[in-house]
Structures are given as C-alpha cells and as structure tokens.
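Please read this briefing alongside the sequence and the structure shown below. The notes are grouped by topic for a reader who is meeting the structure for the first time.

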Amino acid sequence: MSPNDHEPTDDGADRDGSGRYRPDGGPRSRLADGGTALGRAEDAEIERGPFSRWVDRSIQNPQRVYRAMFYVAAIFFLFTTLFPFYWLLMVALTPEGQLQDIVFTPNGFNPGAFVEVFQTLPFHWYMFNSFVIATASTVLVLVVASLAGYAFGRLEFPGKTPMMLLVLLVSFFPPAAFFIPLNDLFNTPVSVLEPVMSDGTLYNTPGAMVMPISAIFMPLAIFILTTFYAQIPDGLEDAARVEGTTRLGALFRVIIPLSAPGVATAGVLTFIAVYNEFFFSFLMTDGQPENWAPILEGILGYQGQYEILFNLMAASSIIGVLPVAILVIVAQEKIVSGLTAGALKE
Amino acid sequence: MARVQLEHVTKRYEDVVAVDDMNLEIKDGEFVCLVGPSGCGKSTTMETIAGLTRPSEGTVRIGETDVTNLAPKDRGVAMVFQNIALFPHMDVFDNISFGLRLRTFEDEEIERRVETAAEIVQLEGMLDRMPDEMSGGQRQRVAIARAIVRNPDVFLMDEPLANLDAKLRVHMRTELQRLHKQLDTTIIYVTHDQAEAMTMSDRIAVINAGQLQQIDPPLVCYNQPANLFVAGFIGSPSMNFAEGTVVADGLETENFDLEFDPATVSDVGVGDDVTLGVRPEDVHLVRGADDLAHSTGAIEVTTDVLEPMGDEIFVYLLLDEGAEQSMEEDPMTSSDQLLMSVSPDTDLREGEAVEVVFDGSKIHLFDTSSGEALVHGIADRSGSEPGTTPTEAED
C-alpha cells in the first residue's frame, strides 16, 4: 500500500473523533456496532425508524431500489393505459340512463349493450370498412416500402441519402396540411374514374382514405424495411440470382422472408396506425357505412341529436379495439424481435 | 458446349480498375483456377462471368452465346460462394431444389435430381435439416449440391473452401477433383491459395492488379513462370530473388556472382539489369551437390534460422555477414538472404558457414524493369561443366 492511502484516513479519523482510527484503512463495514459501509460509526447509535432502515438497506443493496422503481413505473404505465379500458367496460355494462355514480363497478349490469351496438347501427359494416381500408393500406405500404427499402438498403446510387431524408421529411408534415388540397382533389370529378365511381370522384371511396393515409405512414415503413433489407448478406441475394431469380424475385423469395420480423413490425405498425387514424377517416366520407365510413363514424353515430348513447359508444369502442388487440398478440413475438433485434446471421 | 471466353473485359469502379482488359479462354470441361492476391480482381472477374457484375467494357461468352448483357439466371451457370450463402430459412431439400423450383420442373424430376445430387456430395438422409443444424463441411456440400443439381454448363466457385478448417479443406479439395472427373463440366475456381490452385486445376490463371499474368498448367506456371509476379506467387515458400547486372562472364549481384556465358542466352545482353530467381529446392549444399548436372559456382553463406518441417528443412542463408543485424523490410524479397530447402537428414546448425550452389537448369532470369521472364535454366545452354569450380569473389 502506498503512503498516500493513509493521508485521507488520518484527517477523517481525527475529525469525526470516533477514536476508531484504522491505520490500515481497512473496510469500515466490519465495525463492531454494525455500521454501514458508507455511514459513520456514530450513525449507528441513532434510533432508527422503519423508513431509515429501508433507506439503509437500499444503500447496501441498490438492486432493491431499481426493482422497486421498475415496479412503480410498470404499474403506473399499466394503470394509465389499462384503466381507461376498465372504465370503458364499466360504462358499456351500465344500463342507459344510469351513467352517474360509476366509480369502480358498473351501475347495474347490461351486457346486452354489446349486442345492441349491432342492432342500433350496422356497426359490423363500419368494422368491415375499417378493416378493408387498413388492410389495403398495409398491403400498399408494404409493397411500395419493400421496393423502396430494397433500393435504399441494397443499392448504391447517387443522391441516396438526400432522397432518404426527403422521404422522411414527408412524415414530419402534419396531416392537416394535406387535407384541404386533397379534399378538393378527391371531390373533383375525374373522367377516368367515371366508369367505376358514379360521380367520378374519390370522395366516399376507400381510395380517398387509403391513398393519403398510406402516403403518410409510408416513410416509417420505408425506414424500418431499409434497415432490415440492408442487413441481409449480399451473398444470399447473389446466390438467388444465380439460381434463377431476378432481383425482384430475390427480394420476394429470400430477402423478405429473412426480414420477416421487420416486415411484420412495419405491417402491424401501419395497420394499427391506419385503423386508429382519425383525420382522413372522419373527413373523406359522408359517414354512411355504404360509403366506406370507418369505425370512427360508427362510434360517433351513437351520438344522436337529442341523446348520446354513451354505453353503446363504450361497447363499440371495445369491440373496435379487439381486432387490433388480437393482431398484436399474434404478431407480438415478431414485433418485439423486429423492434429490438436486427442482426441476422447468415 | 461450354467454353468460357472473356474478351477485353474491363471493370472500372469510381476510383479503381478492378479488372483491366482481361482476355481469357477456358475450354469445355476444363478446371481453371483464377489465383492472385486479395484485391487483384479475380472475384470481380468471376462476377462478370456469373452476371452479378456488368463489365464496363468487353464481351463475355459462354458456349457460343454472348452473355454480356444477360441476367445471371439466363447464363447456365451455377455458383458456390465463399460464405456458402445457403438460404437460412429453407431446409436442405428446399435449398438444393431452389433453382429447379423456379424453373417449373415436375415434382418427381425435382426429387430425383435432388436425391442424385445429394448422393454425389454424400448428404443422403440430411435433406430435411436446416442449414444452421449442419457443420461447415456439410453446408459446403449443400452449396455444391445446389450448384450441380441444375446441370449447369459452367460451375463458378468463389473460394468455396476458404471458411473451412485446414483438414476439411484438404479433404474437400480431393472431393472437388473427384466431382470434376465425375461431372466433366467446366469449372472456374477462384482462390488466393496457390496450393489449392496447383493441386486441383488443369490450368492456372494468375491475376495481379486486374491483369492476367499467365494462364498455363500448374507445372508450367511453376517451372516456367512468365514474370516475376508469377514466379513469386506460385510456390511455397516463395522463390529467392536477387537483382543484378549482366557482365561479360555472367551475372553480378550485390552479394554474389554467377558465372555463365551471356552470349549463349538469348534475350540477355551484357549490361542488362536482370533479376535472378531460384526456388529454395534448387539451392544445394556444395557437399551434397555432386550429382547435379548443371550446378553453378559455389557461394559462401552463413546459415541463419532452420525450420524443420519434417519432410524437409528450410534453411535461411545469410549472404552477407553484416546482414544479420539489420532487420530490414521484407525478408522474402531481400537479396541478402536465401532460402534453401534440404532433406531432413542433413547435418546443419544455425550460424554455420557453408557453401551452396544453384541448380543451373532451374535458374530463372527476369528483366528487372519489366518483370518479364527472359530465360528459364541457364547452365544447360551455357554449356559449362557440371560441378564448376567455386567462383572467386571478383573485384
């Protein structure tokens, strides 16, 4: 031990006057009175309450605090996300007209609301519309983003980085900025569409929602897929091409299957985002189910001129969440590995 | 039907020329190794044949077809990659049959062919395994089976054995030769390992800096290297080189002189700067060199380090007494040192002063400035007596 090690010990021991001077600077935790590693000797003589004992133990064993912090954070997070659902369920179960005094239990019991939902409005129709719009957008996003991701991730071309930044820039725009020109555009009759749509406009068609929503969620998918496709070893693509695929064939037969977690992540994120989308869904149709109005319009449809059927709105909200919840549970493993991992061994 | 021809193939990248005016003709059924140091353009050459890279200039022909602008899939080639490149999401059967399934063969035909291919590479009973459940050697066999199952016109192999351990590599080497005999298909094989190239190929194409240096059968490359690069690259350990000047009665180098009559050697004139090349096994101790037909004058040297290999001993010889202290740049190209290989029963110690001679018929002379070979074997042409008396140090 070098002489320097003694110097602080000299000062410290004399200052606190404990008389427990340790010339060898030995571990203080071995003090006879059970003092702590960090506490001074006289601290141990103070009468301790439960809280200071807890503090003392925490200092000795910081892992306890981290674990406690984790539980507090997790419980807080679960509470803030799940409690609204719980309350939604309580509201849905409470019969109409007794909506006051719901605290933790429903004021009455009326599971029939989940059936009434479909009787009052063709809610299944709205769900079908949402499902079609979300699926179509997801497919469109995945196909286009796969091609873009292949180009950005696996090819070298001039202007690659500026183009990628430009693509990402699109996602920074607020959707409202696009709304007025798009709404105007979709209400303009286009002669090409006249054989398909009666009035030749895209308003009240899935196209009016699928196109703008896909464009808005495309950059994220491109970004995710670019990262994944870039990690597939070149040798595999070369092998596929020599074996008989085109570049595109190699993308679909080798690169996409090997990037399944990334594709699943991009797909599920897009599906959820489109399914939950409010702005375009609300404004691009007239709210009639036969005109491709999505779930959102269905839920708002229980809000009549003279009364608001809160219990049906709650029940329909829960029903509307179910498909997405099921999707997430099914794809959970892929999403988690897609969001966290990335490295793929050959 | 599967000759491969490269005509003036050049591949330029932004900053480098990877392949520089390559002309190559590979005959039907031939096993040709493209060999060269890393980054010499041999893999790029192969990629242009496979179609994975499009040459900046020049034509690639397979058979009679100009394939320069054809996609890889339309060229009738199969390729085995250095990193094996099995599709990790498919089992062995799907990997092998990948190319067949893309070409819409009948199911029974696919099954029959896959089984035959698996039999050739001895993979029977493993068809339902996944690549990550197999050893390196087995994966390599799957990759080879995937290549042979389509009956390609040309096999391309890009360092297929590089990732295998030494023992397996030697084993796979013989397997590949056996396979070549069995299939009788044109094989183009890229390697940086000259031993692999020597043992397997019908002809070796030595490439350096994107240019073809020599394409000849292995022993021709070994015995009659076309230039300094080939001489130094083929053969392990490498050839000894010594730069010198031709004088009236032979060659003068920094540390020793070699006596011959320049007039009897064509292409060599008095005053030329030439580089002498001699392989370690063509350097002999004077005391054991009586049976040499054309030995050169003796050279006094000091033994430095001995490397017993079991079947032979490599002896580093110092030509200059003072050189021992100077740990200068590259020992293999240094002209102060000679490497000699002798039989293992030779009685030699480190630091011993000995006299050595060269086998005159195995000496190579190269033009120092261009690197081109001038002559292979000088003593037989100079007509000097076998066992010439030791040359005295000339002034």
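In this predicted model, the contact between the two chains takes 15 residues from chain A and 18 residues from chain B. On the side of chain A that touches chain B, the elements that give two or more residues are helix H9 (234-243) and helix H10 (247-258) of chain A.

**The side of chain A that touches chain B**

- H9(A) gives the most to this side of chain A, with seven residues.
- Sorted by class, the side of chain A that touches chain B has seven nonpolar residues, together with four polar and four charged ones.

**Transmembrane regions listed for chain A**

- An unreviewed UniProt entry lists residues 68-89, 131-152, 164-182, 202-229, 250-275 and 308-330 of chain A under "transmembrane region".
- Over residues 202-229 of chain A, the chain is 86% helix and 0% strand, with the end C-alpha atoms 35 Å apart.

**A helix pair in chain B**

- Two packed helices are described by the angle between their axes and the distance between the axes.
- Helix H2 (residues 92-102) of chain B packs against helix H3 (residues 107-120) of chain B at an angle of about 130°, and their axes are 10 Å apart.
- Because of that angle, H2(B) is oblique to H3(B), and the crossing of H2(B) and H3(B) is right-handed.
- H2(B) makes its part of the contact through Phe93(B), Ile96(B), Ser97(B), Leu100(B) and Arg101(B), while H3(B) brings Ile110(B), Arg113(B), Val114(B), Ala117(B) and Ala118(B).
- By class, the contact of H2(B) with H3(B) has seven nonpolar residues, one polar residue and two charged residues.

**A five-strand sheet in chain B**

- Chain B has an open sheet of five strands in the order E15-E19-E16-E17-E18, with antiparallel pairing.
- Strand E15 (283-285) and strand E18 (337-342) of chain B stand at the edges of the sheet, and each has a single partner strand, so one side of each is left without a neighbour in the sheet.
- From one strand to the next, the twist averages 50°.
- Strand E17 (residues 313-318) of chain B runs antiparallel to E18(B), and six bridges join the two strands.
- Within this part of the sheet, Tyr316(B) stands opposite Leu339(B) in E18(B).

Note on methods:
Residues numbered from 1 in each chain as written. Chains lettered and ligands numbered in written order. Predicted model: local features only at pLDDT ≥ 70, side-chain atom pairs only at ≥ 80, totals over all residues. Contact = placed C-beta atoms within 7 Å. Helix = DSSP H or I, 4+ residues; strand = E, 2+ residues; numbered from the N terminus. Nonpolar A, V, L, I, M, F, W, Y, C, P; charged D, E, K, R; others polar. UniProt positions renumbered as here; feature names shortened; annotations may be inferred. Axes fitted to C-alpha atoms, helices over the stretch in contact; angles between N-to-C directions. Parallel < 35°, antiparallel > 145°, perpendicular 65-115°, else oblique. Left-handed = near helix turned anticlockwise from the far one by under 90°. Pairing = 2+ DSSP bridges.
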